[in-house]
Amino acid sequence: KALQLAQKRTPPPAGSDLRQKVMDLLRLESFRRRTEQPSERPSVPYRILPGRGNRDYPQRYAVTYAVETEPGIHAIVTLLRNESWQSRPPQGERRAILYIAHHSADAELREDPFLAELCRANPETPFYACDVRGIGESRPDTCQPDSFLHPYGSDYFYAIHSIMLDRPYLGQKTGDVLRVLDWLGEQGCRDVQLVGRGWGALPATFAALLSDRVSQVTLKNALTSFSAVATSETYAWPLSCLIPGVLEQFDLPDCYRELQAKKHLVLLEPWDENAEIVPSD
């Protein structure tokens, strides 16, 4: 069926047609309605969290924010700085880098040489790392302790309930990224390099398609295609990374072509359906 659907998607969607299909399948119009705020409040409320000392990050200092992406739900965003910083985000910085974590922004900032090099290459650019809902700081243990990566553990629990409620989990995570981008805009940022890794590359891809604030996209270990998952006997990507009915409308290569044409997309070490690096040509 996946092969038949690929033939029907000819020519592949692009431009506004592709963006609308992404909005519709991820149910982002309903997400947008849920996040509308009264005019007297900031459109994206946030809190400054207590400092946690030196975390062995690529830059010396860090401050963490809880950005409210919809009522009662927060994305956790960490700002790295080379000088001491303990208050609201820097105001008026027109450019920023926003990293969307794979499993944990905290662990990846401490352990991933890719992020250390990204910080070294852009020492004057504010660097933010984000855990969307269900990742890192908000990783749940709802079903049983340490069940996050089990086939029917906590991540699956939220993903399957999101489908039952017609709010795909990946759509909610994309909504988190879009709200964090809006929050950066309120601080004066107009030019964001959006970086995503692994599971985080998926909401980063869709947010980059939909946000005019994103000017450059770098994806490491991004899934090659949903078709690869559908046509393989085995796959390692969880339900939380899949979208019901997606192959009737588009596939990830359509999104990557759009981002390459308009937002200088760089794909690093893409992953196949089994989360293994695809050999380079």
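The following legends describe close-up views of a predicted model.

**View A. The buried residues of helix H6 and what covers them.** Helix H6 spans residues 154-164, and its buried residues are Ser154, Asp155, Ala159 and Ser162. These residues cover an arc of only 140° around the axis, which puts them on the same side of H6. Helix H7, formed by residues 169-186, is included in what covers the buried residues of H6. After H6 comes aspartate 166, which has a positive phi, near 60°.

**View B. The cis peptide bond between threonine 10 and proline 11.** The bond that joins threonine 10 and proline 11 is cis, with an omega of about -5°. Proline 11 belongs to the loop between helix H1 (2-8) and helix H2 (15-25).

**View C. Arginine 27 in the loop between H2 and helix H3.** Although arginine 27 is not a glycine, its phi is positive, at about 55°. The loop that holds arginine 27 runs between H2 and helix H3, the latter comprising residues 28-34. Arginine 27 has a relative accessibility of 31% and therefore counts as partly exposed, a class that lies between the limits of 20% and 50%.

**View D. Histidine 264 in the loop between helix H10 and strand E8.** Histidine 264 is found between helix H10 (252-262) and strand E8 (266-268), in the loop that separates these two elements. Its phi is positive, about 55°, although histidine 264 is not a glycine. The relative accessible area of histidine 264 is 58%, so the residue is exposed, the cut-off for this class being over 50%.

Methods
Residues are numbered from 1 along each chain as its sequence is written. This is a predicted model: local features need pLDDT of at least 70, side-chain atom pairs count only at pLDDT 80 or more; totals for chains, interfaces and linings use all residues. Side-chain values use heavy atoms; hydrogens and water are left out. Buried means under 20% relative accessible area, exposed over 50%, partly exposed in between (1.4 Å probe, protein chains only). Helices (H or I, at least four residues) and strands (E, at least two) are DSSP runs, numbered from the N terminus. The arc is that of the directions from the helix axis to the C-beta atoms. Contact means heavy atoms within 4.5 Å.
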